[in-house]
Amino acid sequence: MSSRPKLTEIDILRAIAIIAVLVIHGTSDATQLPLGTGSHDVFFILNKASLFTVPLFIWISGVVLFYTYYERWEPGMSRIFWTKRLRKILIPYVLWSLFYYLFNQFLFHGTIGFDVIHVIKLLLSGNASYHLYYMVIIVQFYLLFPLMMTAARRSQRFRQGLIPIGIGIQTAAYCFHHWVYPLPEYASLFLSYSALFAFGAFMGIHYAAIVSWSNRYKGWIWSVMLLAGAAFVGMLLLNEYGLVSIENSWFELALLLYCMAIPLCCIQWGRKLLQSASPFGAVLSALGGASFGIYLVHPALLTLWDRIAPVQEHLWLYDLHTVAAILIGLLGSWLLVRLYASAQRKGSAN
């Protein structure tokens, strides 16, 4: 059976997500600026409004996997799928975990040691660097994917109930973690993101129909996204100033609504951008295509840049430093990815 047409707008979503990653990591220190300063408020809002990024990347994975494999999936494909996907992500994960384990030691302590047991623990938890936990989550979804796909192919009830099942699993995990017993490494468990992956899976199966539906109700969808996002960030800002005391479940609910609505808004915008043949759309598509490399490289550049951070007393310098961190992390990593790809092409030609 022939493959389905490529979803070119997905690279636009990857670009949006990787930009949000750089905003979060580039502004993380600036959120600790003194309360009451405009700099703190602006960077705090940007940082928290960008927290959709990991859910968006996980949603994209669900869409791409189910869109690509649904019509041609056979149970015997599981081993081939696991081998192909895990090789593509596990090898880079291990290599970059080792790199950051050694890099951070040298940069912060001036020495390098190697503790095998500690390295194994870091690999299992994704804690070799602050961004690598995402890889652990994706590996879990890759391991679960053949089971989910087989169930979706065989059971219409499971297929049509993917979204409520995903929300139910995530809600149950949160309730247990929050009210019963804290789950170890909760932020790195697939349970924390099952709603977004299941939503992506459902959209991958019914892509054209959901795009059409979202276009009909785009006013409502954009309203939900903006209101939920504003509520989430607003509650966090009020809590930051100690003006209110809000139970954590309200933050989780607002964030879930925000993250469930954002992919549909981004799909609409991305498709419109590509249809207009805008040069900006082409740039975003190229950026999205390089997003995995940018994700892997950027913390090293940000760490090096932060070594020359100005003191907080000079807020205007600190503002410039923070903006520069985002640009250097994004554009510098993108340049390195392009240079690596160019070197690979030359090596293949020789």
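## Exercises on a predicted model

A nonpolar surface patch of about 520 Å² is formed by Phe114, Val116, Ile117, Ile120 and Leu124. The structure is a predicted model, and the exercises below are to be worked with it in view.

### Exercise 1. A residue of the surface patch

Determine in which helix Ile117 is found, and decide whether Ile117 is buried or exposed.

Solution. 
- Step 1. Locate the residue: Ile117 belongs to helix α5, which covers residues 116-125.
- Step 2. Read its relative accessible area, which is 51% for Ile117.
- Step 3. Apply the cut-off: exposed means over 50%.
- Step 4. Conclude that Ile117 is exposed, because its value is 51%.

### Exercise 2. The largest nonpolar core

State which residues of the largest nonpolar core touch the most other members, and name the helix that gives the most to this core.

Solution. 
- Step 1. The core holds 99 residues, of which Ile18, Ile58, Trp59, Phe66 and Ile294 touch the most other members.
- Step 2. The most is given by helix α12 (residues 248-275), with 14 residues.
- Step 3. Take Ile294 as a case. With neighbours within four places in sequence left aside, Ile294 has contacts with Ile18, Leu22, Leu287, Gly329, Leu330, Ser333, Trp334 and Val337.

### Exercise 3. Salt bridges

Find how many salt bridges the whole structure has, and describe where the partners of each pair lie.

Solution. 
- Step 1. A search of the whole structure gives 3 salt bridges.
- Step 2. In one of these, the side chains of Glu71 and Arg4 meet at 3.9 Å, N to O. Glu71 is in the loop between α3 (53-69) and α4, while Arg4 is in the segment before α1 (10-27); the pair links distant parts of the chain, 67 residues apart. Glu71 counts as partly exposed at 39% relative accessibility, and Arg4 counts as partly exposed at 22%.
- Step 3. Another salt bridge joins the side chains of Arg271 and Glu9, at 3.0 Å, N to O. Because Arg271 lies in helix α12 and Glu9 in the segment before α1, the pair ties together parts that are 262 residues apart in sequence. Arg271 is partly exposed, with a relative accessible area of 29%, whereas Glu9 is buried at 5%.
- Step 4. A further salt bridge is that of Asp11 and Arg14, at 2.8 Å, N to O. Both residues lie in helix α1, 3 residues apart, which is about one turn of the helix. Asp11 is buried, with a relative accessible area of 14%, and Arg14 is partly exposed, with 24%.

### Exercise 4. Cysteines

Solution. 
- Step 1. As to accessibility, Cys175 is partly exposed at 28%, whereas Cys266 is buried at 10%.

### Exercise 5. Positive phi angles

Identify where Glu185 lies and where Ala277 lies, and comment on their phi angles.

Solution. 
- Step 1. Recall the general rule: most residues other than glycine have a negative phi.
- Step 2. Glu185 has a phi near 55°, which is positive in a residue other than glycine. Its place is the loop between α8 (162-180) and α9 (194-205).
- Step 3. Ala277 is not a glycine, yet its phi is positive, at about 55°. Ala277 is located in the loop between α12 and α13 (279-289).
- Step 4. Glu185 is partly exposed, with a relative accessible area of 42%, whereas Ala277 is exposed at 63%.

### Exercise 6. A glutamine in a helix

Decide whether Gln105 is buried or exposed, and list its contacts.

Solution. 
- Step 1. Gln105 is placed in helix α4, residues 78-109.
- Step 2. Its relative accessible area is 16%, so Gln105 is buried.
- Step 3. Apart from neighbours within four places in sequence, Gln105 is in contact with Gly110, Thr111, Ile112 and Gly113.

How values were computed:
Residues numbered from 1 in each chain as written. Predicted model: local features only at pLDDT ≥ 70, side-chain atom pairs only at ≥ 80, totals over all residues. Heavy atoms only, no water. Core = buried A, V, L, I, M, F, W, Y, C linked by side-chain atoms within 4.5 Å. Buried < 20%, exposed > 50% of the residue type's maximum accessible area, 1.4 Å probe, protein only. Helix = DSSP H or I, 4+ residues; strand = E, 2+ residues; numbered from the N terminus. Contact = heavy atoms within 4.5 Å. Patch = residues over 30% accessible without salt bridge, like charges linked within 9 Å, V, L, I, M, F, W, Y side chains within 5 Å. Areas by Shrake-Rupley, 256 points an atom, 1.4 Å probe, with all protein chains shown as cover. Salt bridge = Lys/Arg side-chain N within 4 Å of Asp/Glu carboxyl O.
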